[in-house]
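Subject: Structure handed over, with notes on what was found

Hello,

I am passing a structure on to you, and below it you will find my notes. Please keep it open while you read, and look up each residue as it comes.

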Amino acid sequence: MRTSFGVMHDRPALFVRVEDSDGAEGWGEVWCNFPDCGAEHRAKLVQGVFAPIVAGLDGSDPAQVNRSLTERTAVLAIQSGETGPIHQCIAGIDMALWDLSARRAAAPLWRHLGGSSPKIRAYASGINPEAPGALAAECRERGHRAFKLKVGFGEARDIANLHEMRETLGHDARLMADANQAWHFPQASSMVERMERFGLAWLEEPMRADRPWEEWRSLAAKAPMPLAGGENLVGLEAFEQALAARALRVIQPDAAKWGGLTGCLAVARRTLAAGLRYCPHYLGGGIGLLASAHLLAAAGGDGMLEIDANPNELRTATCGAAANLLDGWVTLNEAPGLGEAPDLAALERYRVAP
């Protein structure tokens, strides 16, 4: 997986299982893509910091547990400088508790969270800058009808790759681009004009996520396509500021990175109420992908589920109903919670002890 800021040389996943006093269980996933030791580090945080706290709490209200964990580790996060990893551990635990809650209610998670339909749109993500047309064509054969290309590798290469994508897919396919915060404002301003002819459904993170909202509004005024972002925002207040700025038209929180299902469902509902588009960001193993699918189905709207186009056994073996892709749509099922628990024995050869 190549991004404008670096290369992922492996595909980690950190799965979290919670079990209640009756033996019922739920599953979640903690974001751990970077750095290379990120999964091991966060696993130790879950085991050493969070497990002792969670063991003393009433898990019947995942939202309350989320608030309690956030409050009880707030000073630790500041003191250690570990704000990101701590939020990510809480997100994975929150996800697992919601799965447990839905299983105990004998309801699929998408319905347990308030959804009315199990069908959601999806798109192929993570299409790398090397021969993108070939991978896009392969994704189309798998059932995808929308595609997102990685950009930020130099103007000439980006434009050539977008041209290759359109030549391969035609102009009826939905096409997006993700710059992964590659550009400063002047370069981003130039690139949005160069990209106009490709009819992008959105351009994701063309600038650093911490740039002032005034700068984002200025870029949005120049851009012929919608701007997207949100995977690197943390906290309801940050998302409220994003919604108020009206610079992003596609909002993309990541449920394994911040907030879990509790936080991201709140953001999704506020996004839709503001007349904007909610599309969950996700790039990891299958449990987080499946939870993101249920979250999107619960929220409703016309958003699309992000599905990594590249090989990843830790995704494929654990994503359950999220693999049910047909003509651009994923259809979830009626199984309680997230569905069948992951087969850990099948993944044993990939396990790394923290």
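Leaving aside its neighbours within four places in sequence, with which residues is Phe147 in contact? Taking contact to mean heavy atoms within 4.5 Å, Phe147 is in contact with Tyr123, Ala124, Ile127, Ala136, Cys139, Arg140, Met165, Leu169, Ala173, Arg174, Leu175 and Met176.

Before going on, please note that this is a predicted model, in which local features need pLDDT of at least 70 and side-chain atom pairs count only at pLDDT 80 or more, while totals for chains, interfaces and linings use all residues. Residues are numbered from 1 along each chain as its sequence is written, and side-chain values use heavy atoms, with hydrogens and water left out.

The cores

In soluble globular proteins, nonpolar side chains tend to be buried together. A nonpolar core here is a set of buried Ala, Val, Leu, Ile, Met, Phe, Trp, Tyr and Cys residues joined through side-chain atoms within 4.5 Å, where buried means under 20% relative accessible area, exposed means over 50%, and partly exposed lies in between (1.4 Å probe, protein chains only). The largest nonpolar core has 81 residues, and Phe147, Met195, Leu261 and Leu305 are those that touch the most other members. Its largest share, 10 residues, comes from helix 12 (residues 286-299); helices (H or I, at least four residues) and strands (E, at least two) are DSSP runs, numbered from the N terminus. Apart from this core lies another, of 21 residues, among them Val16, Ala43, Leu45 and Phe50.

The largest pocket

Grid points are joined across faces, edges and corners, and a volume is the space filled by probe spheres set on the points.

The volume of the largest pocket is about 1,200 Å³. It is lined by 40 residues, of which Leu14, Phe15, Val16, Arg17 and Trp27 are the closest to its centre. At least two lining residues come from each of strand 3 (14-19), helix 1 (38-54), helix 4 (83-104) and helix 14 (344-347), and helix 1 gives the largest share, with 7 residues. By class, the lining has 24 nonpolar, 5 polar and 11 charged residues, where Ala, Val, Leu, Ile, Met, Phe, Trp, Tyr, Cys and Pro count as nonpolar, Asp, Glu, Lys and Arg as charged, and the others, Gly among them, as polar.

The cavities

How many cavities of 30 Å³ or more does a search of the whole structure find? The search finds 2. The largest cavity has a volume of about 80 Å³, and among the residues that line it are Glu205, Ala209, Trp213 and Trp216. Helix 9 (213-222) and strand 9 (227-229) each supply at least two residues of this lining, which divides into 6 nonpolar, 3 polar and 1 charged.

Backbone details

Most residues other than glycine have a negative phi, and most peptide bonds are trans. With that in mind, look at Asn180, whose phi is near 50°, a positive value in a residue other than glycine. Asn180 is found in the loop between strand 7 (174-178) and helix 8 (185-194), and it counts as buried because its relative accessibility is 7%. Its side chain makes a polar contact with the side chain of Lys150 (2.9 Å); a polar contact is a pair of N or O atoms within 3.5 Å, and within protein one must be able to donate a hydrogen and the other to accept it, while residues adjacent in sequence count only if both atoms are side-chain atoms.

Arg246, which is not a glycine either, has a positive phi of about 60°. Finally, the peptide bond from Phe34 to Pro35 is cis, with omega near -10°, and Pro35 lies in the loop between strand 4 (25-30) and helix 1.

Best wishes

Notes. 1 Å grid on protein atoms, 1.4 Å probe; cavity = no way out; pocket = protein on both sides within 12 Å on 5 of 7 lines; lining within 4 Å.
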